[in-house]
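Please read this briefing alongside the sequence and the structure shown here.

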Amino acid sequence: MELPYTAEVLASFVAHYHAAIWPVQIIAVFLVLAALYGAFRPNPARDRLIGLILSTFWVWTGYVFYIREFSSISFLAPVYGGFFLVQAALIVGFSVIRHDLQFRYTKDGKGRVGLACLVLALIVYPLAVGIFEEQWASLRLVGITPIPTVLFTLALLLMADARLFRKLILTVIPLLFLLSALITGLMLTGSPIQFLA
Amino acid sequence: MQDDRPSSPGRRQFLGDLAGLSALALTGGFPALAQAVKPANGFMLTKAIPSTGEQIPVIGMGTWITFNVGEDRALRDHRTEILRIFFERGGGVIDCSPMYGSSADVLGYGLKRIENTQNLFSASKVWTWLTANGPDQMEEQRRRWGVERFDLMQVHNLLSWEGHLKTLREDKEQGKIRYLGVTTSHGRRHQELERIMRSEPLDFVQLTYNILDRQAEDRLLPLARERGIAVIANRPYRQKALFHRFQHHPLPDWAGEAGARNWAEFFLKFIVSHPAITCAIPATSQIPHIKENMGALYGHLPDQNMRRRMIEYLESL
């Protein structure tokens, strides 16, 4: 299978996307900080807020990034957008309505892995892509571009207390997406660094 | 960038080509070309669309991936330059599809900025499950191209072909399109394509045909000749795979006899020298490559013996 666009076009698209949605990036940063505050200062009331923030990220990325914008470049975009909206609904269902997830950082194995995912989502991945693409206008940000949003969500899910079955359900779409992104990145560049946005 | 093709052929080249054509006729190598190739302007290779006799240049241009550059102004301007060279060097057929992202928009952007587009032969596709959505999709593509009507509308990858062909027949009767056709690629669905070619009146089919992917020679290309259907060859380079595989090898000493000065011309002239092939549509985003591609629009074509030799040479590498 061939992708309908090149790595160069993808970078250009994300740069144009950022320009088109400015200053939503600022709001996204504040929401990320709020979610992190809630995860590191656990509180039952904040669990639902974190769930709401995460679902907002997935709705925005699914609808605005994929369905509204990226579909102009890729005929697969609506499919991805649809899955992102499903994930948003799952998060709302389990986290906001049922309060099945308690987000909290703990200094154990899952906490450390979750922390590593956070660093990946917030720092490593955006830096790596920026260096690879040799520009910062197409910066990948949590909440408004897919891969950092997925990594950020996985990080918080890893750190959350919840029944295993419910956590597994919430990780299916993110993990499938990351696999798809890996394949896409390899197709685009032959390098594992450049992932689908 | 050095332009390695003269802007107009000199007398020596004209006499050489005339001698070559005469030699081909005398040696029996001409019959494969005689019905199909009528050099227009004395030198540019064209072939007739069987259903009308209209001549079109044998080298066109595809736009899959290469023209899908979104809103990037610099990339759009670059693709406009590709288009300008394409038309300047005699190009006509441009192929696109709704599946190709922003390619239609970028084409429209470029066509608006180029003066010399009177040779444009616009070929688009309908690509939607629902037949009812076809007319709107085709109209959207027409608006994006900025053309008054499409010369050719094709059912992309045979998707819902029964319903769409009915729509296309009506559109043709109303003068909304001039020709209709269907497409496949990658050698897929040839059996179904054959059934459609036998049962439906078509002006064009588009399929994958290149010097390595020759399955269509067995049944589809002879059928196209029999039924008077023009054939557009896609994936002429197997998405650059032919270059990756062969370009580090030297061209054979006799490549000039095949009319080829470089690998692009070698691959393209093989394709368009098949009597059933009307046009090949290589895609490119590189200015040097569009120049090479358009080089295959001139000179002579290999005959059947030479085509065999070309295949054998590649198989020996």
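Across the interface of chain B and chain A, the rule finds 1 salt bridge, a term for a side-chain nitrogen of Lys or Arg within 4 Å of a carboxyl oxygen of Asp or Glu. This is a predicted model, in which local features need pLDDT of at least 70 and side-chain atom pairs count only at pLDDT 80 or more, while totals for chains, interfaces and linings use all residues. Residues are numbered from 1 along each chain as its sequence is written, chains are lettered from A in the order in which they are written, and side-chain values use heavy atoms, with hydrogens and water left out.

**The interface**

- The salt bridge joins the side chains of R235(B) and E2(A), at 2.6 Å from N to O.
- By class, the side of chain B that touches chain A has 6 nonpolar, 6 polar and 3 charged residues, where Asp, Glu, Lys and Arg count as charged, Ala, Val, Leu, Ile, Met, Phe, Trp, Tyr, Cys and Pro as nonpolar, and the others, Gly among them, as polar.
- Chain B brings 15 residues to the contact and chain A brings 12 residues, contact meaning heavy atoms within 4.5 Å.
- In chain B, W64(B), I65(B) and N68(B) lose the most area to chain A, together 40% of what that side buries, buried area being the accessible area (1.4 Å probe) that two parts lose on being put together, summed over both.

**Chain B itself**

- Of the 317 residues in chain B, 57% are buried, that is, under 20% relative accessible area (1.4 Å probe, protein chains only).
- Among contacts in chain B between residues at least 6 apart in sequence, 76% join residues at least 24 apart.

Note on methods. Buried < 20%, exposed > 50% of the residue type's maximum accessible area, 1.4 Å probe, protein only.
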